[in-house]
Amino acid sequence: MRRFIPVLGLWIPALVTALFLLLLSVVHSVSGAEERRSVSAFKPEDVHTSLSDANLVDSLSSLPLALRIGKADWDNGTLSVDLKIMEELKSVRTVYNDLASIISFSFEDKQNVKQLYLRFVAIDPWTGARYLMLAANVRRNEWDLSLLQELKQMENEPFSERLVQGFHLTLTNVWAKQFITD
């Protein structure tokens, strides 16, 4: 019996340790069951409903915009986007389309955008000087789908007072010189 006492002295702590590790594993798997789940790499769940710093670039780059994005920022529900106008536009329709695309993206496609700051900035190709042409400050709790439909149907006419008020548009002198004809 004496020769089995050292063996029992090793087996008992090993058995207690194994049971403890098994218990720890069970507790960890139960508490972590919600964290570990299968997510598709090609179609993540939250991409279509919410915007974040992690998916900002991918989300905006998927938009069919005619103008290039100069700057984009996401800050706690506020999306800020600058679109660059690098050459003289032949038609104001280009701006209308991009404005409609970003508003639709922000408020129809994404659920967590509370406010959109959108600026159209003309860049002089010779000097690199930047001129603000048009700015929009659209808030989720104030925007109306009928405004977006009206914008999508516009061709080359100027913004209606309803659109200016609804989208909180700021039209600069640079905009007026290029697109508003008297």
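A residue is buried when its relative accessible area is under 20%, exposed when it is over 50%, and partly exposed in between (1.4 Å probe, protein chains only). By that rule, buried residues make up 34% of the 182 residues in the protein chain. The model is predicted: local features need pLDDT of at least 70, side-chain atom pairs count only at pLDDT 80 or more, and totals for chains, interfaces and linings use all residues. Residues are numbered from 1 along each chain as its sequence is written, and side-chain values use heavy atoms, with hydrogens and water left out.

**Confidence**
- pLDDT is the predictor's confidence in each residue, from 0 to 100.
- The protein chain averages 83, and 75% of the residues score at least 70.
- Over residues 33-40, pLDDT stays under 50.
- For residues 33-40 the model has three contacts beyond four places in sequence; a contact means heavy atoms within 4.5 Å.
- Where pLDDT is low, the predicted coordinates should not be read in detail.

**Overall fold**
- The protein chain has six helices and five strands.
- Helices (H or I, at least four residues) and strands (E, at least two) are DSSP runs, numbered from the N terminus.
- Along the sequence, the pattern reads α-α-β-β-α-β-β-α-α-β-α.
- Of the contacts with a separation of 6 or more, 59% join residues 24 or more positions apart.
- The accessible surface comes to about 12300 Å², and carbon and sulfur atoms hold 57% of that.
- Accessible areas come from the Shrake-Rupley method with a 1.4 Å probe; for residues, only the protein chains shown count as cover.

- Ser 59 lies in helix H2 (residues 56-61).
- Ser 59 counts as buried because its relative accessible area is 4%.
- Leaving out residues up to four places away in sequence, Ser 59 touches Leu 51, Phe 105 and Lys 110.
- Ser 59 and Phe 105 are 46 residues apart in sequence, and their C-alpha atoms are 9.0 Å apart.
- Asn 97 sits in helix H3 (residues 93-109).
- Asn 97 has 34% relative accessibility, so it counts as partly exposed.
- Asn 97 and Leu 151 are 54 residues apart along the chain, with 8.1 Å between their C-alpha atoms.

**Pocket and cavity**
- On a 1 Å grid over the protein atoms alone, a cavity is a set of points where a 1.4 Å probe fits but cannot get out; a pocket is an open set with protein on both sides within 12 Å along at least five of seven lines; lining residues have an atom within 4 Å of a point.
- Grid points are joined across faces, edges and corners, and a volume is the space filled by probe spheres set on the points.
- The largest pocket has a volume of about 180 Å³.
- Its lining has 13 residues, and the closest to the centre are Glu 88, Ala 122, Met 133, Val 174 and Gln 178.
- Strand S3 (115-123), strand S4 (130-139) and helix H6 (173-179) each give two or more residues to this lining.
- There is one cavity of 30 Å³ or more.
- The largest cavity holds about 30 Å³ of space.
- Residues lining the largest cavity include Val 92, Tyr 96, Trp 175 and Phe 179.
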